[in-house]
Amino acid sequence: MDTTTDQPQLLIEQQPHDEAEAASLAQLAELLAGTDPLPDLRDLAPAVRRLFPEPAYLVGCGSAHIWLHRAGGPARLALIR
């Protein structure tokens, strides 16, 4: 993937637990749709953490990915790449 020209993509890996989580995922999708291509996704991590705050969620990031887990859950909720 050429991160200098690709739009960040959201991959939802689990169904939302409730309407509030579904709304947060929809807001995240809107945020990404309005984001210019980024060479380093770590710049998006603060916005993702605002939408999915601790202690209910864990957000991790690297330059090419942001991953989102429900606290205490073994599987990812979503991945941004």
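Reader: Which residues have the most contacts inside the largest nonpolar core, and how many residues does that core have?

Author: The model is a predicted one, in which local features need pLDDT of at least 70 and side-chain atom pairs count only at pLDDT 80 or more, while totals for chains, interfaces and linings use all residues. Residues are numbered from 1 along each chain as its sequence is written, and side-chain values use heavy atoms, with hydrogens and water left out. A nonpolar core is a set of buried Ala, Val, Leu, Ile, Met, Phe, Trp, Tyr and Cys residues joined through side-chain atoms within 4.5 Å. The largest such set has 16 residues, and Val48, Phe52, Ile66, Leu68 and Ile80 have the most contacts inside it. Two or more residues come from each of α1 (19–33), α2 (45–51), β2 (57–61), β3 (66–70) and β4 (76–80).

Reader: What makes a run of residues a helix or a strand, and how many of each does the protein chain have?

Author: Both are DSSP runs numbered from the N terminus: helices are H or I with at least four residues, and strands are E with at least two. The protein chain has two helices and four strands, in the order β-α-α-β-β-β from the N terminus on. Its radius of gyration, taken over C-alpha atoms, is set against the globule rule of 2.2 Å times the number of residues to the power 0.38. The value is 12 Å, close to the 12 Å that the rule gives for 81 residues, so the chain is as compact as a globular protein of that length.

Reader: Why is Phe52 called buried?

Author: Buried means under 20% relative accessible area, exposed means over 50%, and partly exposed lies in between (1.4 Å probe, protein chains only). Phe52 has a relative accessible area of 1%, and is therefore buried. Tyr57, at 14%, also falls under the 20% limit and is therefore buried. Of the 81 residues of the protein chain, 32% count as buried.

Reader: Why is the pair of Phe52 and Tyr57 called edge-to-face?

Author: Rings of Phe, Tyr and Trp (its six-membered ring) pair if their centres lie within 6.5 Å; planes under 30 degrees apart count as stacked, over 60 as edge-to-face and the rest as tilted. The count by this rule is one aromatic pair.

Reader: Which strands does β4 pair with?

Author: β3 and β4 run antiparallel and are joined by four bridges, with Trp67 partnered by Leu79 in β4. Strand β1 (residues 10–12) and β4 pair in the antiparallel sense over three bridges. Ala78 in β4 stands opposite Ile12, and Ala78 also stands opposite Leu68.

Reader: What makes β3 largely enclosed by the rest of the structure?

Author: Four of the five residues of β3 are buried, so this strand is largely enclosed. Four of the five residues of β4 are likewise buried, so β4 is largely enclosed as well.

Reader: Which residues is Leu68 in contact with, leaving aside its neighbours within four places in sequence?

Author: Contact means heavy atoms within 4.5 Å. By this criterion Leu68 is in contact with Leu25, Phe52, Tyr57, Leu58, Val59, Arg76, Leu77 and Ala78.

Reader: Is Thr35 buried or exposed?

Author: Thr35 has a relative accessible area of 12%, under the 20% limit, and is therefore buried. Its place is in the loop between α1 and α2. Not counting residues up to four places away in sequence, Thr35 touches Gln7, Pro8 and Leu44.

Reader: Where is there a cis peptide bond, and what is its omega?

Author: The bond from Glu54 to Pro55 is cis, with omega near 5 degrees. Pro55 is placed in the loop between α2 and β2. Most residues other than glycine have a negative phi, and most peptide bonds are trans. In the hairpin of β3 and β4, which has five residues between the strands, Gly72 in the turn has a positive phi of about 85 degrees.

Notes. Two strands pair if DSSP finds at least two bridges between them.
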